[in-house]
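Got your viewer open and the chain loaded? Let's take a walk through it, one selection at a time.

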Amino acid sequence: MKKYFLLTPGPTPIPPQVAQKESLPILHHRTDEFGQVFVEVINGLKYVFQTKNETLLMTSSGTGAMESTVANLLSPGDEVIVASSGVFGDRWAKICDAYGIKVIKLDSEWGRSVEPQNIEETLRSNPKIKAVFTTHTETSTGVVNDLKTIGEIVDKTEAVLVIDAISGLGAQTLYTDDWKLDVVVSGSQKGFMCAPGLAFVCISPKAWKYVETAKCPRFYWDYRRMKKSVSEKQTPFTPAVTLVVSLAESLRMIKEEGLEKIFARTHKLATVTRAALKSLNLKLFADEKCACDVLTSAMVPDGIEGGKIVKTLRQEFGISIAGGQEKLKGKIIRLAHMGYIDQFDLIVGFAGLEIVLGRLGHKVEPGRAVGVAEKILGEHDKNV
Ligand SMILES: Cc1ncc(COP(=O)(O)O)c(C=O)c1O
(Lines give C-alpha, C1' and ligand atoms only; values in the text may rest on other atoms or scores of the structure.)
Protein backbone atom coordinates (compact mmCIF):
# COMPACT_ATOMS: atom_id res chain seq x y z
CA MET A 1 0.00 0.00 0.00
CA LYS A 2 1.19 3.53 -0.73
CA LYS A 3 -0.49 6.71 0.45
CA TYR A 4 -0.40 9.75 -1.79
CA PHE A 5 0.93 13.12 -0.60
CA LEU A 6 0.72 16.05 -2.99
CA LEU A 7 3.22 18.79 -2.10
CA THR A 8 3.59 20.36 -5.54
CA PRO A 9 2.94 24.06 -6.18
CA GLY A 10 -0.14 23.20 -8.23
CA PRO A 11 -2.20 21.28 -8.47
CA THR A 12 -2.60 21.08 -4.71
CA PRO A 13 -4.73 18.72 -2.58
CA ILE A 14 -8.50 19.17 -2.36
CA PRO A 15 -10.45 19.05 0.93
CA PRO A 16 -12.88 16.08 1.07
CA GLN A 17 -15.91 18.39 1.35
CA VAL A 18 -14.84 20.10 -1.90
CA ALA A 19 -14.17 16.78 -3.68
CA GLN A 20 -17.59 15.52 -2.57
CA LYS A 21 -19.32 18.34 -4.43
CA GLU A 22 -17.76 17.09 -7.64
CA SER A 23 -19.78 13.88 -7.39
CA LEU A 24 -23.18 15.63 -7.25
CA PRO A 25 -25.51 15.37 -10.26
CA ILE A 26 -24.61 17.91 -12.94
CA LEU A 27 -26.65 21.12 -12.87
CA HIS A 28 -27.73 22.58 -16.18
CA HIS A 29 -25.93 25.87 -16.65
CA ARG A 30 -29.00 27.79 -17.88
CA THR A 31 -31.02 27.24 -14.71
CA ASP A 32 -31.78 29.33 -11.62
CA GLU A 33 -30.06 26.69 -9.48
CA PHE A 34 -26.79 27.16 -11.33
CA GLY A 35 -27.32 30.94 -11.38
CA GLN A 36 -27.46 30.99 -7.58
CA VAL A 37 -24.22 29.05 -7.25
CA PHE A 38 -22.59 31.21 -9.90
CA VAL A 39 -23.47 34.46 -8.12
CA GLU A 40 -22.14 33.03 -4.86
CA VAL A 41 -18.90 32.09 -6.63
CA ILE A 42 -18.44 35.51 -8.25
CA ASN A 43 -18.99 37.22 -4.87
CA GLY A 44 -16.60 34.77 -3.17
CA LEU A 45 -13.97 35.46 -5.83
CA LYS A 46 -14.31 39.21 -5.24
CA TYR A 47 -13.61 38.57 -1.56
CA VAL A 48 -10.45 36.58 -2.34
CA PHE A 49 -9.28 39.15 -4.91
CA GLN A 50 -10.20 41.89 -2.41
CA THR A 51 -11.92 43.84 -5.15
CA LYS A 52 -15.13 45.56 -6.11
CA ASN A 53 -14.10 45.41 -9.78
CA GLU A 54 -15.79 43.34 -12.47
CA THR A 55 -14.81 39.70 -11.90
CA LEU A 56 -15.06 37.00 -14.56
CA LEU A 57 -14.80 33.21 -14.51
CA MET A 58 -13.58 31.06 -17.38
CA THR A 59 -13.32 27.36 -18.01
CA SER A 60 -9.62 27.20 -18.73
CA SER A 61 -6.25 26.69 -17.10
CA GLY A 62 -4.54 29.79 -15.71
CA THR A 63 -2.57 30.38 -18.90
CA GLY A 64 -5.84 30.78 -20.82
CA ALA A 65 -6.82 33.63 -18.51
CA MET A 66 -3.34 35.16 -18.95
CA GLU A 67 -3.84 35.05 -22.72
CA SER A 68 -7.32 36.56 -22.34
CA THR A 69 -5.85 39.71 -20.77
CA VAL A 70 -3.61 40.33 -23.79
CA ALA A 71 -6.46 39.68 -26.24
CA ASN A 72 -8.82 42.03 -24.39
CA LEU A 73 -6.57 44.92 -23.45
CA LEU A 74 -4.28 45.44 -26.42
CA SER A 75 -3.98 45.97 -30.16
CA PRO A 76 -1.22 44.56 -32.39
CA GLY A 77 1.79 46.89 -32.33
CA ASP A 78 1.09 48.19 -28.81
CA GLU A 79 4.13 48.48 -26.54
CA VAL A 80 4.21 46.88 -23.10
CA ILE A 81 6.63 46.10 -20.28
CA VAL A 82 7.05 42.54 -19.05
CA ALA A 83 8.89 42.42 -15.71
CA SER A 84 10.03 38.85 -15.24
CA SER A 85 12.14 36.82 -12.86
CA GLY A 86 11.27 33.31 -13.96
CA VAL A 87 9.32 30.92 -16.17
CA PHE A 88 5.91 32.48 -15.52
CA GLY A 89 7.07 36.05 -15.98
CA ASP A 90 8.57 34.93 -19.29
CA ARG A 91 5.21 33.43 -20.25
CA TRP A 92 3.71 36.94 -20.41
CA ALA A 93 6.30 37.88 -23.04
CA LYS A 94 5.59 34.72 -25.08
CA ILE A 95 1.84 35.43 -25.09
CA CYS A 96 2.43 39.08 -26.10
CA ASP A 97 4.71 37.91 -28.93
CA ALA A 98 1.96 35.63 -30.21
CA TYR A 99 -0.40 38.63 -30.47
CA GLY A 100 2.08 40.95 -32.19
CA ILE A 101 2.64 43.12 -29.11
CA LYS A 102 6.04 44.86 -28.74
CA VAL A 103 7.64 43.82 -25.46
CA ILE A 104 10.24 45.69 -23.43
CA LYS A 105 11.46 42.90 -21.18
CA LEU A 106 12.89 43.72 -17.77
CA ASP A 107 14.58 40.58 -16.50
CA SER A 108 15.71 40.08 -12.93
CA GLU A 109 18.05 37.35 -11.83
CA TRP A 110 16.11 34.15 -11.09
CA GLY A 111 15.72 33.85 -7.32
CA ARG A 112 15.27 37.61 -6.91
CA SER A 113 12.17 39.74 -7.33
CA VAL A 114 11.52 42.22 -10.13
CA GLU A 115 12.73 45.76 -9.50
CA PRO A 116 9.98 48.40 -9.20
CA GLN A 117 12.46 51.20 -9.88
CA ASN A 118 13.36 49.63 -13.21
CA ILE A 119 9.68 49.63 -14.16
CA GLU A 120 9.35 53.28 -13.10
CA GLU A 121 12.34 54.39 -15.18
CA THR A 122 11.21 52.42 -18.23
CA LEU A 123 7.70 53.89 -18.02
CA ARG A 124 9.19 57.37 -17.77
CA SER A 125 11.33 56.98 -20.88
CA ASN A 126 8.60 55.19 -22.90
CA PRO A 127 5.36 57.16 -22.51
CA LYS A 128 3.65 54.99 -25.17
CA ILE A 129 3.65 51.91 -22.90
CA LYS A 130 0.11 50.55 -22.66
CA ALA A 131 0.52 47.87 -20.00
CA VAL A 132 2.91 46.41 -17.43
CA PHE A 133 2.77 42.64 -16.95
CA THR A 134 4.28 40.88 -13.96
CA THR A 135 3.80 38.02 -11.49
CA HIS A 136 2.65 37.88 -7.87
CA THR A 137 4.45 34.75 -6.65
CA GLU A 138 6.91 33.39 -9.24
CA THR A 139 6.32 29.65 -8.80
CA SER A 140 9.39 28.60 -10.79
CA THR A 141 11.80 30.22 -8.33
CA GLY A 142 9.82 30.88 -5.13
CA VAL A 143 9.89 34.68 -4.91
CA VAL A 144 7.15 37.23 -4.30
CA ASN A 145 7.15 40.59 -6.10
CA ASP A 146 6.43 43.93 -4.45
CA LEU A 147 3.07 44.56 -6.11
CA LYS A 148 2.08 47.36 -3.77
CA THR A 149 5.01 49.52 -4.88
CA ILE A 150 4.57 48.56 -8.53
CA GLY A 151 0.85 49.42 -8.23
CA GLU A 152 1.67 52.91 -6.99
CA ILE A 153 4.12 53.47 -9.85
CA VAL A 154 1.85 52.28 -12.66
CA ASP A 155 -1.22 54.05 -11.25
CA LYS A 156 0.44 57.42 -11.95
CA THR A 157 0.61 56.62 -15.68
CA GLU A 158 -1.82 55.83 -18.51
CA ALA A 159 -0.64 52.18 -18.51
CA VAL A 160 -2.54 49.35 -16.83
CA LEU A 161 -0.94 46.85 -14.47
CA VAL A 162 -1.66 43.17 -15.15
CA ILE A 163 -0.79 40.55 -12.54
CA ASP A 164 -0.46 36.78 -12.77
CA ALA A 165 -1.54 35.71 -9.27
CA ILE A 166 -2.20 32.12 -10.29
CA SER A 167 -0.14 30.56 -7.51
CA GLY A 168 -0.36 33.25 -4.85
CA LEU A 169 -3.96 34.41 -4.67
CA GLY A 170 -5.78 33.29 -1.54
CA ALA A 171 -2.52 32.24 0.10
CA GLN A 172 -0.20 35.26 0.22
CA THR A 173 -1.23 38.88 0.77
CA LEU A 174 -2.69 40.57 -2.29
CA TYR A 175 -5.23 43.41 -2.10
CA THR A 176 -6.34 44.20 -5.64
CA ASP A 177 -8.13 47.50 -5.01
CA ASP A 178 -5.91 48.87 -2.23
CA TRP A 179 -2.77 48.09 -4.21
CA LYS A 180 -4.23 49.59 -7.44
CA LEU A 181 -3.81 46.41 -9.47
CA ASP A 182 -5.82 46.85 -12.67
CA VAL A 183 -6.10 43.27 -13.84
CA VAL A 184 -5.43 40.19 -11.71
CA VAL A 185 -5.54 36.62 -13.00
CA SER A 186 -5.79 33.42 -10.99
CA GLY A 187 -6.70 29.73 -11.26
CA SER A 188 -8.61 27.12 -9.27
CA GLN A 189 -5.90 24.58 -8.56
CA LYS A 190 -3.66 26.26 -5.96
CA GLY A 191 -4.75 28.57 -3.13
CA PHE A 192 -8.39 27.93 -4.05
CA MET A 193 -8.11 24.23 -3.05
CA CYS A 194 -10.02 23.05 -6.11
CA ALA A 195 -9.31 20.84 -9.09
CA PRO A 196 -7.59 22.45 -12.12
CA GLY A 197 -9.86 23.79 -14.86
CA LEU A 198 -11.21 27.19 -13.81
CA ALA A 199 -9.56 30.58 -14.17
CA PHE A 200 -10.58 34.03 -12.95
CA VAL A 201 -9.80 37.59 -13.77
CA CYS A 202 -10.83 40.93 -12.28
CA ILE A 203 -10.67 44.15 -14.28
CA SER A 204 -10.56 47.76 -13.02
CA PRO A 205 -12.60 50.58 -14.62
CA LYS A 206 -9.31 51.98 -16.03
CA ALA A 207 -8.64 48.64 -17.75
CA TRP A 208 -12.26 48.38 -19.02
CA LYS A 209 -11.60 51.42 -21.18
CA TYR A 210 -8.88 49.37 -22.87
CA VAL A 211 -11.27 46.43 -23.30
CA GLU A 212 -13.63 48.67 -25.30
CA THR A 213 -10.98 49.71 -27.82
CA ALA A 214 -8.59 46.72 -28.08
CA LYS A 215 -8.15 45.31 -31.59
CA CYS A 216 -6.53 41.94 -30.88
CA PRO A 217 -8.72 39.05 -32.07
CA ARG A 218 -10.95 37.52 -29.39
CA PHE A 219 -13.95 35.27 -29.36
CA TYR A 220 -14.03 32.70 -26.51
CA TRP A 221 -12.02 35.15 -24.41
CA ASP A 222 -14.15 38.25 -25.08
CA TYR A 223 -14.62 40.03 -21.74
CA ARG A 224 -17.53 42.09 -23.10
CA ARG A 225 -19.58 38.95 -23.69
CA MET A 226 -18.49 37.49 -20.31
CA LYS A 227 -19.49 40.67 -18.47
CA LYS A 228 -22.96 40.59 -20.03
CA SER A 229 -23.35 36.94 -19.02
CA VAL A 230 -22.29 37.63 -15.42
CA SER A 231 -25.10 40.20 -15.22
CA GLU A 232 -27.45 37.36 -16.33
CA LYS A 233 -26.00 34.98 -13.68
CA GLN A 234 -24.36 32.72 -16.23
CA THR A 235 -21.38 32.20 -18.53
CA PRO A 236 -21.38 32.69 -22.33
CA PHE A 237 -20.55 29.05 -23.05
CA THR A 238 -20.89 25.75 -21.14
CA PRO A 239 -18.75 26.11 -18.01
CA ALA A 240 -17.12 23.29 -16.03
CA VAL A 241 -20.29 23.10 -13.92
CA THR A 242 -18.91 20.50 -11.53
CA LEU A 243 -15.88 22.63 -10.75
CA VAL A 244 -17.98 25.74 -10.23
CA VAL A 245 -20.12 23.87 -7.68
CA SER A 246 -17.03 22.58 -5.86
CA LEU A 247 -15.43 26.05 -5.95
CA ALA A 248 -18.48 27.44 -4.14
CA GLU A 249 -17.63 25.03 -1.31
CA SER A 250 -13.93 25.94 -1.15
CA LEU A 251 -14.83 29.64 -1.20
CA ARG A 252 -17.13 29.01 1.78
CA MET A 253 -14.18 27.41 3.60
CA ILE A 254 -11.91 30.34 2.73
CA LYS A 255 -14.49 32.85 3.99
CA GLU A 256 -15.05 30.92 7.17
CA GLU A 257 -11.34 30.86 8.04
CA GLY A 258 -10.80 34.42 6.79
CA LEU A 259 -8.12 35.63 4.40
CA GLU A 260 -5.89 37.21 7.05
CA LYS A 261 -5.75 33.94 9.01
CA ILE A 262 -4.96 32.01 5.85
CA PHE A 263 -2.14 34.44 5.02
CA ALA A 264 -0.72 34.04 8.55
CA ARG A 265 -1.00 30.24 8.46
CA THR A 266 0.67 30.04 5.05
CA HIS A 267 3.44 32.35 6.25
CA LYS A 268 4.06 30.14 9.26
CA LEU A 269 4.29 27.03 7.06
CA ALA A 270 6.80 28.87 4.87
CA THR A 271 8.90 29.75 7.93
CA VAL A 272 8.81 26.13 9.07
CA THR A 273 9.76 24.80 5.64
CA ARG A 274 12.68 27.19 5.17
CA ALA A 275 14.07 26.26 8.58
CA ALA A 276 13.56 22.53 8.00
CA LEU A 277 15.31 22.53 4.62
CA LYS A 278 18.19 24.64 5.92
CA SER A 279 18.64 22.17 8.80
CA LEU A 280 19.33 19.51 6.15
CA ASN A 281 22.18 21.68 4.83
CA LEU A 282 20.20 22.58 1.76
CA LYS A 283 20.80 26.07 0.43
CA LEU A 284 17.59 27.99 -0.23
CA PHE A 285 17.32 29.13 -3.84
CA ALA A 286 15.18 32.25 -3.47
CA ASP A 287 16.74 35.27 -1.83
CA GLU A 288 15.24 35.16 1.68
CA LYS A 289 14.39 38.87 1.53
CA CYS A 290 11.81 38.14 -1.16
CA ALA A 291 11.04 34.44 -0.66
CA CYS A 292 7.33 33.80 -1.14
CA ASP A 293 5.03 32.04 1.30
CA VAL A 294 3.38 29.61 -1.08
CA LEU A 295 6.36 27.40 -1.86
CA THR A 296 10.01 26.95 -0.90
CA SER A 297 12.77 26.26 -3.41
CA ALA A 298 16.13 24.77 -2.40
CA MET A 299 19.30 23.95 -4.30
CA VAL A 300 20.05 20.31 -4.98
CA PRO A 301 23.35 19.39 -3.23
CA ASP A 302 26.42 18.99 -5.47
CA GLY A 303 26.85 15.52 -6.92
CA ILE A 304 23.15 14.61 -6.64
CA GLU A 305 20.79 14.50 -9.59
CA GLY A 306 17.75 16.65 -8.72
CA GLY A 307 15.38 14.53 -10.78
CA LYS A 308 16.32 11.49 -8.70
CA ILE A 309 15.13 13.12 -5.47
CA VAL A 310 11.74 13.94 -6.99
CA LYS A 311 11.38 10.53 -8.67
CA THR A 312 12.39 8.46 -5.63
CA LEU A 313 10.08 10.39 -3.31
CA ARG A 314 7.17 9.83 -5.65
CA GLN A 315 7.84 6.25 -6.68
CA GLU A 316 8.85 4.81 -3.32
CA PHE A 317 6.92 6.93 -0.85
CA GLY A 318 4.03 8.42 -2.84
CA ILE A 319 5.24 11.96 -2.02
CA SER A 320 5.04 14.40 -4.93
CA ILE A 321 7.25 17.48 -4.84
CA ALA A 322 8.41 19.52 -7.84
CA GLY A 323 11.83 19.88 -9.43
CA GLY A 324 13.22 22.88 -11.30
CA GLN A 325 11.91 24.15 -14.64
CA GLU A 326 13.84 25.16 -17.74
CA LYS A 327 17.35 26.35 -16.76
CA LEU A 328 16.72 25.18 -13.17
CA LYS A 329 15.86 21.62 -14.23
CA GLY A 330 17.72 19.18 -11.99
CA LYS A 331 19.14 22.07 -9.94
CA ILE A 332 16.39 22.86 -7.42
CA ILE A 333 13.54 21.16 -5.63
CA ARG A 334 10.27 22.94 -4.75
CA LEU A 335 7.88 22.14 -1.91
CA ALA A 336 4.49 23.84 -1.72
CA HIS A 337 2.74 24.98 1.45
CA MET A 338 -0.41 26.64 0.19
CA GLY A 339 -4.10 25.81 0.10
CA TYR A 340 -5.08 22.58 1.81
CA ILE A 341 -1.46 21.51 2.51
CA ASP A 342 -1.00 21.50 6.28
CA GLN A 343 1.81 21.17 8.80
CA PHE A 344 1.60 17.39 9.02
CA ASP A 345 1.65 16.96 5.24
CA LEU A 346 4.90 18.93 5.34
CA ILE A 347 6.33 16.78 8.13
CA VAL A 348 5.74 13.75 5.91
CA GLY A 349 7.58 15.58 3.13
CA PHE A 350 10.53 16.45 5.39
CA ALA A 351 10.79 12.85 6.65
CA GLY A 352 10.73 11.53 3.09
CA LEU A 353 13.39 14.04 2.03
CA GLU A 354 15.66 13.02 4.92
CA ILE A 355 15.49 9.37 3.88
CA VAL A 356 15.94 9.99 0.15
CA LEU A 357 18.74 12.57 0.52
CA GLY A 358 20.56 10.20 2.89
CA ARG A 359 20.29 7.36 0.40
CA LEU A 360 21.64 9.55 -2.39
CA GLY A 361 24.75 10.33 -0.37
CA HIS A 362 23.89 13.67 1.28
CA LYS A 363 24.89 13.80 4.94
CA VAL A 364 21.62 13.84 6.88
CA GLU A 365 20.89 13.28 10.55
CA PRO A 366 17.59 11.31 10.63
CA GLY A 367 14.80 13.35 12.22
CA ARG A 368 16.67 16.65 11.98
CA ALA A 369 14.25 18.55 9.71
CA VAL A 370 11.23 17.00 11.39
CA GLY A 371 12.57 18.07 14.81
CA VAL A 372 13.22 21.64 13.66
CA ALA A 373 9.72 21.83 12.19
CA GLU A 374 8.07 20.47 15.33
CA LYS A 375 9.90 22.98 17.47
CA ILE A 376 8.60 25.95 15.46
CA LEU A 377 5.13 24.47 15.13
CA GLY A 378 4.99 23.93 18.89
CA GLU A 379 5.46 27.63 19.57
CA HIS A 380 2.11 29.22 20.27
CA ASP A 381 1.13 31.74 17.63
CA LYS A 382 -2.07 33.63 18.35
CA ASN A 383 -2.42 34.74 14.72
CA VAL A 384 -2.70 31.25 13.27
C1 LIG B 1 2.61 31.82 -11.36
C2 LIG B 1 1.98 30.90 -12.36
N3 LIG B 1 1.59 31.41 -13.53
C4 LIG B 1 1.02 30.64 -14.48
C5 LIG B 1 0.83 29.29 -14.28
C6 LIG B 1 0.21 28.48 -15.35
O7 LIG B 1 -1.06 28.02 -14.97
P8 LIG B 1 -1.77 26.84 -15.74
O9 LIG B 1 -0.85 25.69 -15.71
O10 LIG B 1 -3.03 26.64 -14.93
O11 LIG B 1 -2.06 27.30 -17.12
C12 LIG B 1 1.24 28.71 -13.08
C13 LIG B 1 1.09 27.26 -12.86
O14 LIG B 1 1.95 26.59 -12.36
C15 LIG B 1 1.83 29.53 -12.10
O16 LIG B 1 2.23 29.03 -10.93
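Start by selecting strand β13 (residues 322-323) together with β14: the two pair in the antiparallel sense over 2 bridges. Here strands (DSSP E runs of at least two residues) and helices (H or I runs of at least four) are numbered from the N terminus, and two strands pair if DSSP finds at least two bridges between them. Click on A322 and you'll find R334 of β14 standing opposite.

Before moving on, two notes on what you're looking at. This is a predicted model, in which local features need pLDDT of at least 70 and side-chain atom pairs count only at pLDDT 80 or more, while totals for chains, interfaces and linings use all residues. Residues are numbered from 1 along each chain as its sequence is written, and side-chain values use heavy atoms, with hydrogens and water left out.

**Stop 1: stay on β14**

Color residues 332-336 by accessibility. Strand β14 has 5 of its 5 residues buried, so it is largely enclosed by the rest of the structure. Buried means under 20% relative accessible area, exposed means over 50%, and partly exposed is in between (1.4 Å probe, protein chains only). Show the side chains: I332, R334 and A336 point one way, I333 and L335 point the other way, and all are buried.

**Stop 2: the seven-strand sheet**

Next, select the strands of the open sheet of 7, in the order β2-β10-β9-β8-β5-β3-β4, with mixed pairing. Its edge strands are β2 and β4 (102-107), each pairing on one side only. On average, neighbouring strands here are turned by 20° against each other, direction ignored; the angles are between lines fitted to C-alpha atoms, on a scale from 0 to 180 degrees between N-to-C directions. Zoom in on β9 and β10, an antiparallel pair joined by 5 bridges. S186 has F200 in β10 as its bridge partner.

**Stop 3: helix α7 and its cover**

Which residues of α7 (residues 205-213) are buried? Select A207, W208, Y210 and V211. Look down the axis of α7: these buried residues fall within an arc of 155° (taken from the directions from the helix axis to the C-beta atoms), so they line one face of the helix. On the other side, P205, K209 and T213 are exposed. The cover over the buried residues of α7 includes β2 (54-59), α3 (62-73), β8 (160-164), β9, β10 and α8 (223-231).

From there, hop to Y223, which lies in helix α8. Y223 has a relative accessible area of 0% and counts as buried. Not counting residues up to four places away in sequence, Y223 touches (heavy atoms within 4.5 Å) L56, M58, A65, S68, T69, N72, V201, I203, W208 and V211.

**Stop 4: the nonpolar cores**

A nonpolar core is a set of buried Ala, Val, Leu, Ile, Met, Phe, Trp, Tyr and Cys residues joined through side-chain atoms within 4.5 Å. The largest one has 87 residues, and L45, L57, F133 and L247 touch the most other members. Helix α9 (residues 241-257) gives the most to this core, with 9 residues. At least three residues come from each of domain 1 (5-10 + 258-378) and domain 2 (16-256), with bounds from an automatic or database domain assignment. Center on L247: leaving out residues up to four places away in sequence, its contacts are V41, L45, L57, F192, C194, L198 and F200. A second, separate core has 38 residues, including L269, V294, I341 and I376.

**Stop 5**

Most residues other than glycine have a negative phi, and most peptide bonds are trans. Now for some exceptions. The peptide bond from G10 to P11 is cis, with omega near -5°, and P11 sits in the loop between β1 (5-6) and α1 (16-21). M193 has a positive phi, near 60°, in the loop between β9 (183-187) and β10 (198-203), and is buried at 7% relative accessibility. N281 also has a phi near 60°; find N281 in the loop between α10 (259-279) and β11, exposed with a relative accessible area of 59%.
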